[in-house]
Amino acid sequence: KLLLESMYKTRKAPAELFVDREDDESRAATTTSEELSPQVSNRGMYACPVQYQHEFPLHRRVSPSQAVRTLHSSILQNFMLSNRSGISVYRDESNNIYYMNLAYRKSIREDDDENSHVIELLVYGIEQPGPVITEELVRLLQRKLLMLPLDALSSVLNKNPQYNLLTTDMSFINNFSRRLNEIEPEIELDNNSCVRTYELP
């Protein structure tokens, strides 16, 4: 718990929480092997287990690596560690501290033509996370990932208005409002809402 507190306050990852050597690379040039050896033996000794995970299907129009970078630079930007790429740290409503990372992999559903990859959120800690992470953070990530293919399709149509959209593209567009309302039920897309309109060829 002290290591988590230290990581949250300093935004630096202690070696004892992580198995790999990434956080040692910046020190290697100025630190002797004798000074590093105690940390090597303790590396990952107090790594926390996964307390929560969530999978987000990713539309085929969006690059998985770009999607992860976008989530890091927007939603998770203020929580990223300074000495370890892709890891963020967060304190929830119960004052429990967690560290999180996002990864991607190919979708295992061969019949899913629309979503080629899956983004996975992994949350590590001592306790089970509360709704700030399991509901609010998940909802923010879902909403951002839903907007990315819309932006990608907009870019395609701006470059070539005569582009013939694929069946999966039309399915995404037709179901967009329903999916947005599933994520944020309180949002109603009426005439007074700020809604982007796209003219399809």
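Author: Two strands are taken to pair if DSSP finds at least two bridges between them. In this predicted model, strand S1 (50-59) and strand S4 (residues 115-124) meet that condition, pairing in the antiparallel sense over nine bridges. Within this pair, Glu55 has Glu120 of S4 standing opposite.

The pair belongs to an open sheet of four strands, whose order is S1-S4-S3-S2 and whose pairing is antiparallel. S1 and S2 form the edges, and each of them pairs on one side only. On average, and with direction ignored, neighbouring strands of the sheet are turned by 25 degrees against each other. Helix H4 (residues 64-73) packs on this sheet, where it touches S1, S4 and strand S3 (97-106). The direction of H4 makes about 160 degrees with that of S3.

Neighbours within four places in sequence set aside, the contacts of Ser88 are Leu76, Phe79, Met80, Leu81, Tyr98, Tyr99 and Met100.

To summarise the part requested, the strands follow the order S1-S4-S3-S2 with antiparallel pairing, S1 and S4 are joined over nine bridges, and H4 packs on the sheet.

Notes: Residues are numbered from 1 along each chain as its sequence is written. This is a predicted model: local features need pLDDT of at least 70, side-chain atom pairs count only at pLDDT 80 or more; totals for chains, interfaces and linings use all residues. Side-chain values use heavy atoms; hydrogens and water are left out. Contact means heavy atoms within 4.5 Å. Helices (H or I, at least four residues) and strands (E, at least two) are DSSP runs, numbered from the N terminus. Axes are lines fitted to C-alpha atoms, for helices over the stretch in contact, and angles run from 0 to 180 degrees between N-to-C directions.
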